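Here are my notes on the model you sent over. Have it open while you read, and go point by point.

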Amino acid sequence: MHTVYFSLGSNLGHKHFFLQKAILLMQEHLGVVQKVSPVYDSPAWGFSGDDFLNACISLETHKSPEEVLSAVLFIEKQLGRVRSLESGYQPRTIDIDILYYDNLHLKGDDLQIPHPQMHLRAFVLRPLTDIAPQFYHPVLRKDTRNLVQECRDKSALNKASFKLFKSQELLFSQVQFMAIEGNIGAGKTTLAKKIASDFNAKLVLERFADNPFLPKFYEDQARYAFPLEMSFLADRYQQFMDDTAQYDLFKSFMISDYDVHKSLIFAKITLQQEEFNLYRKVFGFMYKEVVVPKMYVYLHQNTVRLLENIKKRGRTYEQNIEEAYLEKIQHGYMNFIKSYPEKNVLILDVSNLDFIEEEKDYTYILDELQKFVINQQI
């Protein structure tokens, strides 16, 4: 097992995301990330361009130096790094430099270790000091702290307000509680289950299948709307008090396939005005102290796909749901989101995605979630 230190930088696009994504890809393709430095904002070095965000990490790997370099170049390409044939430095989405590989001294045509210019760059040495202050340069025979003191680069470095994380699990743990919402058949339960399984989250699922009024409602909405909504209200309240009152110490965060305000959205559509007024009063009394998600994700799905998904999952009582009813629900959600600007809402259009069968579609959704979490830190 070998310990490798890297410098990461970005000055194009969503710089915060590119740094975080690079770390996750390095964990996937290289080895286990051990330490991550704070992030520093620094001016472009060696050319005129936007400021960089820089950080350093260490990881353990079984790969050889040449294999590490190959993986780094692959990751840079994955993140849109375009290496210009022109001489000199260029702006880039991501730049990953190998600083140290154990105490190895290697001088080859394509790879030099230690990095030949690291001792000249404050934006490398400052974050490196945070994770390896006493690591000795095998050629210069000085530790990182001494290299910082002797460095002639006096560029201004400002510590950023957000953190980078070793893994997606740690990143999502910052959310504490995430709610996945959407229309009937949008895929919210499937996505919530998948994320919970992949990232060690406590899963809270709506207990719709146990509601005796639901099949009757789809047969006769006028007659069963009020008892259905009231039973949902009581059940969701009891479930939220049971499942969200305290976090599971063995789970990284909590994720649900619904938000409690779903009750108001559906009740507004299905109930008469007098019934809804009464319902809203009861809702207000019951939900004063429920846990509010720090991240509200809405899956937008077009009506045609909703109907296809509903048919595919084969619940008998859902097969006669009409397109007009689904469109009313869609409008209800949109109006709710507009009315609650204080909610941290991420709207994802999944109309052309298959996050069950297509790994790239699932990865796209995870990337969007990560960007959202990062933006909330800034």
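1. Start with the contacts. Of those in the chain with a separation of 6 or more, 75% are between residues 24 or more positions apart; contact here means heavy atoms within 4.5 Å.

2. A word on what we're looking at: this is a predicted model, where local features need pLDDT of at least 70 and side-chain atom pairs count only at pLDDT 80 or more, while totals for chains, interfaces and linings use all residues. Residues are numbered from 1 along each chain as its sequence is written, and side-chain values use heavy atoms, with hydrogens and water left out.

3. The overall picture: the chain has 13 helices and 13 strands, taken as DSSP runs (H or I of at least four residues for helices, E of at least two for strands) numbered from the N terminus. The C-alpha trace spans about 85 × 40 × 35 Å along its principal axes. Of the 378 residues, 49% count as buried (under 20% relative accessible area, with exposed over 50% and partly exposed in between, 1.4 Å probe, protein chains only).

4. Next, have a look at the open sheet of 5 strands, which runs β10-β11-β9-β12-β13 with parallel pairing (two strands pair if DSSP finds at least two bridges between them). From one strand to the next, the twist averages 20°.

5. What about β11 (residues 253-256)? β10 is joined to β11 by 4 parallel bridges, and Leu 203 has Ile 255 as its bridge partner there. β9 also pairs with β11 in the parallel sense, over 3 bridges, with Phe 177 partnered by Met 254. Phe 253 and Ile 255 point one way from β11, Met 254 and Ser 256 the other way, and all are buried.

6. Helix α12 (residues 323-339) lies across β9 (177-182), β12 (295-300) and β13, at about 150° to β12. Helix α13 (residues 359-377) touches β9, β12 and β13 as it packs on the sheet, and its direction makes about 160° with that of β13. Axes are lines fitted to C-alpha atoms, for helices over the stretch in contact, and angles run from 0 to 180 degrees between N-to-C directions.

7. How do α8 (residues 221-243) and α9 (residues 262-270) cross? Their axes come within 10 Å and cross at roughly 175°, which means α8 is roughly antiparallel to α9 (over 145 degrees; under 35 is roughly parallel, 65 to 115 roughly perpendicular and the rest oblique). On the α8 side, the contact uses Ala 225, Glu 229, Leu 233 and Arg 236; α9 brings Lys 262, Ser 263, Phe 266, Ala 267 and Thr 270.

8. Last, His 115. Look for His 115 in the loop between β7 (112-113) and α3 (122-131). His 115 counts as buried because its relative accessibility is 14%. Neighbours within four places in sequence aside, His 115 is in contact with Asp 97, Ile 98, Leu 99 and Arg 121.
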